[in-house]
Amino acid sequence: MNVLFLCTGNSCRSLISEAVFNHLAPAGWHALSAGSQPTGRLNARALQLLAEKGIPTDGYYSKSWDALPVTPDIVVTVCASAAGETCPAYLGPVLRTHWGVEDPSHVEGTPEQITAAFEQAYAILRARIDAFIALPLDALAQDRARFKAELDRIGTLLPA
């Protein structure tokens with residue numbers, strides 16, 4: 001099963017999601033990330049954060065949703081609308097859900113405030129990915145409506 005984490009720039013939130021999911025995913029599940037308007041580079045703070053968490057990022061790069069090596073089965077958008085961000089709409093016969101997370105790369109302030117924003121985005125995405133992986137995936141793969149409902153519910157979770 002292939003899971004696409006999608007946002008606009010594919011430099012930060014979708015990268016974090018892809019790396020965390022692949023680090024934790026059960027056998028047979030694989031994540032990739034892409035953007036509708038990729039920046040062409042990965043966010044250095046996101047890469048540093050993942051390295052600090054012990055999550056590998058070798059081989060990851062900012063890419064367009066037009067250049068995916070596989071067709072996803074599930075698409076998770078991670079953009080947030082609070083800042084007026086336009087969330088890309090992936091068209092195709094896939095299971096879609098939205099897990100809005102504010103973009104820490106747009107936070108301005110002290111180094112501590114910026115670090116806190118990246119930690120918060122990571123914590124939200126990690127909690128949601130942990131909940132996703134804890135689902136009875138084999139059973140849900142046979143019940144798309146229930147799977148969608150569970151993914152939508154997970155998109156509202158915040159870290160404890």
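**Entry 1. Terms and model**

I take buried to mean under 20% relative accessible area, exposed over 50%, and partly exposed in between, with a 1.4 Å probe and protein chains only. The model is predicted: local features need pLDDT of at least 70, side-chain atom pairs count only at pLDDT 80 or more, and totals for chains, interfaces and linings use all residues. Residues are numbered from 1 along each chain as its sequence is written, and side-chain values use heavy atoms, with hydrogens and water left out.

I use helices (H or I, at least four residues) and strands (E, at least two) as DSSP runs, numbered from the N terminus.

**Entry 2. The sheet**

I looked up the strand order first. The strands form an open sheet of four, ordered β2-β1-β3-β4, with parallel pairing; two strands pair if DSSP finds at least two bridges between them. β2 (30-35) and β4 are the edge strands, each pairing on one side only. On average, neighbouring strands of this sheet are turned by 20° against each other, direction ignored. For such angles, axes are lines fitted to C-alpha atoms, for helices over the stretch in contact, and the values run from 0 to 180 degrees between N-to-C directions.

I then followed the pairs around β3. β1 and β3 pair in the parallel sense over four bridges, and Leu6 has Thr77 in β3 as its bridge partner. β3 and β4 also pair in the parallel sense over four bridges, and there Val76 has Thr97 in β4 as its bridge partner.

**Entry 3. The nonpolar cores**

I define a nonpolar core as a set of buried Ala, Val, Leu, Ile, Met, Phe, Trp, Tyr and Cys residues joined through side-chain atoms within 4.5 Å. The largest such core has 39 residues, of which Phe5, Ile16, Ile74, Phe132 and Phe147 touch the most other members. At least two residues of this core come from each of β1 (2-7), α1, α2, β3, α3, α4 (137-140) and α5. The largest share, nine residues, is supplied by α3.

I checked Phe147 for contacts (heavy atoms within 4.5 Å). With neighbours within four places in sequence left aside, Phe147 is in contact with Trp29, Ile74, Leu95, Phe132, Leu135, Leu137, Leu140 and Ala141. A second, separate core holds eight residues, among them Leu4, Leu32, Val75 and Tyr90.

**Entry 4. Salt bridges**

How many salt bridges does a search of the whole structure find? The search finds five, a salt bridge being a side-chain nitrogen of Lys or Arg within 4 Å of a carboxyl oxygen of Asp or Glu. I recorded three of them.

Asp103 forms one with Arg13, with the closest N and O atoms 3.6 Å apart. Asp103 lies in the loop between β4 (95-98) and α3 (111-134) and Arg13 in helix α1 (residues 13-24), so this pair ties together parts 90 residues apart in sequence. Both Asp103 and Arg13 are buried.

Lys53 and Glu119 meet through their side chains in another salt bridge, 2.9 Å from N to O. Because Lys53 sits in the loop between α2 (44-52) and β3 (74-77) and Glu119 in helix α3, the pair ties together parts that are 66 residues apart in sequence. Lys53 is partly exposed at 34% relative accessibility, and Glu119 is partly exposed with a relative accessible area of 28%.

Glu150 forms a salt bridge with Arg153, the closest N and O atoms lying 2.9 Å apart. Both residues lie in helix α5 (residues 144-154), three residues apart, about one turn of the helix. Glu150 is partly exposed at 22%, and Arg153 is partly exposed at 40%.

Thr156 is in the segment after α5 and is exposed at 58% relative accessibility. A polar atom of the Thr156 side chain lies 2.6 Å from the backbone oxygen of Arg153.

Is Ser64 buried or exposed? Ser64, in the loop between α2 and β3, counts as buried at 19% relative accessibility. The Ser64 side chain reaches the backbone nitrogen of Asp66 at 3.0 Å. Apart from neighbours within four places in sequence, Ser64 is in contact with Ala34, Gly35 and Pro38.

Note on methods. A polar contact is a pair of N or O atoms within 3.5 Å; within protein, one must be able to donate a hydrogen and the other to accept it, and residues adjacent in sequence count only if both atoms are side-chain atoms.
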